[in-house]
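Thanks, everyone. Let me put the model up, and then we'll walk through it.

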Amino acid sequence: MSMILFRCRGAKWIRPQSTVCSKRLSSVAVPANQPQYPPIVEETPLAQKLRRKKQWHDWLRSHDTIEEKLFELNMPKYYGWNSVILRDDAVPYNFLPWARFSTRTHIEVSDAINPLYSDSLLDTKASEIASELKSEVENVILFEWVEMRRRQDLDLYKERALSDFESSDLRTRSFVKHLNQVLMAGMVDQAKYLNMVTAIPDPRIDAFWFLGGINPSKEKIEERKRRTKMTNINVKKSFLDPSLVDLPVNEPIQFYGKPILQLQTRYPLPPVEDLKENDSRAAGVPHVPYEPTLIYLEKQYRRATTVPGFWPGEQHSFGMMSFHSSSFLDSRPFGPEDNLEAAHCTAILTSFSWLLGQACYQGFSTFHDVTYPLVTQTAMTNGKDWSFYLYQLNTTLLHTMNSTENPRCNVCWASNPMKLFEDVQDGRVIGFNENVLKQIIKMYLIEPKEREGVEMRPYLSDKPYVADIEYEERRDWLERQFKHITSNRPRKQEKPEVYAWEKIFRIRFNDLPQLNNRKWYMSQQPPPDCRRYDDHPPVYKPNALRTEEDQKYCHRIRRVYRMFYPGTNKEKIKPPGT
């Protein structure tokens, strides 16, 4: 048996060392009867893909601050996620099954919302307050419907007249804000905690999450089939196993809402029911695997933003209740039954999105489930008609198989629509319903309480905000970049687009060889969707802006600005020789 020898730098011949057993499993001596084996993992293509995703989820969980966790959701996409856009005032026809599926919500509709409001002491207290404030509420109705002459009615030089929907929406928003002032002033003596409630008019509600279990589109299947034949190792989207071609996809969901008013408190509302790890109601949540564009949903490239009406660091970071306008229902031509379902859809989406934003500000995310339930109250109204909802968030896991196999589900208790009053005639309110006013007062009388024995922020550090970072340069960079992402301003250079004529004449058939301009799809470059947010050259730092401390570093460091993406460059670089 011959032995192969290698020559090292012309000095001498050496024997090659083994690459298999050259490293020990552990530096500690282990007895022969206690061997150490590597963990046994599944090696199927699907299991490998799920492990890669879990690595990113664990990396997101390891971040110390809220802003970095929200920032990390945007790192895989330079031009933003191709998200399904949902809005609180645009509901397609027959949308309730998809709204329930996309939020994993079980809904119960009845005249009495929930036993939470049926307490005898609460009912007695609400009745007394309603009888005292009835005349003041009627004055508010008369003021908004009769005496209020709005600026748009007096403007003689306006370009166009407001539509019925716009006029109704403006009146509804003014009425709800005025009603809140009357109720807060009249109830503060009976409920002292209302002094600590923050009322925010016209807040911004953004929420982002991933929804699994969606059938892939035709374009997605064709792309996956091309990846099964891919051999170029320079392309970032590597080879795809043929068994994953028809695998369901995760759709990014971006919700935008604008409530009339929301009330925030320092502590959360008490849970309606305990958190159930195996909820039998989860099996009743519908599964709607259709592609979103088939049910008339719009898709746009947007950055992932989650804003529950306030910024990280706000002391009153839990929601008590919110008011939403239902004036858009009057313009729908599908009838009263569809209007009722559309109101349920809006209440479910807005309640889930608001609670998801609050959960994200406590350190949870669409990949890391809540450890305690969150509750909010929602009222849908156009001034006359009122619908009340009570929503409890039990889970935020909706990606991959969790959309259908998650044992938890969120619960929404809804009421049938009720009229606060019938009409206003001759300076009088006709058919005032005191029961509706009493239900509104009950929602104010549910007192938020501190959760004793519950760790509210298990996934955050002792310094959960970017403002707490001591490294000044890193703190300023992260805060500036986080606000830029949240603003959702478009890129100066738009995402490269492949036009229809290019797909026909340059990709499928290549009938225009005379065109010299070469694009990414002609040179085996990675597609624009594969570009990461940090995939860009560093920003040049002019010599006039370099400090004396910068001159201590090498040319490669001092000539560019340092970047501090989530989880990186936490420590300041020490000058050489220190």
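Two strands count as paired here if DSSP finds at least two bridges between them. Keep in mind that this is a predicted model.

Start with β3, residues 81-87, and β7, residues 249-257. They pair in the parallel sense, over four bridges. Within that pairing, Arg87 stands opposite Tyr256 in β7. Helix α3, residues 96-103, packs on the sheet.

Now the whole sheet. It is open, with five strands in the order β9-β3-β7-β6-β10, and the pairing is mixed. Which strands stand at the edges? β9, 298-302, and β10, 307-308. Each has a single partner strand, so one side of each is left without a neighbour in the sheet.

Next, the cores. The largest nonpolar core has 55 residues. Leu86, Phe95, Trp98 and Trp209 touch the most other members. Helix α8, residues 336-360, gives the most to this core: twelve residues. Take Leu86. A second, separate core of 50 residues includes Phe323, Ala379, Trp386 and Phe388.

Last stop, His555. This residue sits in helix α13, residues 555-558. The His555 side chain makes a polar contact with the side chain of Arg559, at 3.3 Å. From Tyr93, 462 residues away along the chain, the C-alpha separation is 61 Å.

Terms used. Residues numbered from 1 in each chain as written. Predicted model: local features only at pLDDT ≥ 70, side-chain atom pairs only at ≥ 80, totals over all residues. Heavy atoms only, no water. Helix = DSSP H or I, 4+ residues; strand = E, 2+ residues; numbered from the N terminus. Polar contact = N/O pair within 3.5 Å; in protein donor to acceptor, adjacent residues only side chain to side chain. Core = buried A, V, L, I, M, F, W, Y, C linked by side-chain atoms within 4.5 Å. Buried < 20%, exposed > 50% of the residue type's maximum accessible area, 1.4 Å probe, protein only. Contact = heavy atoms within 4.5 Å. Axes fitted to C-alpha atoms, helices over the stretch in contact; angles between N-to-C directions.
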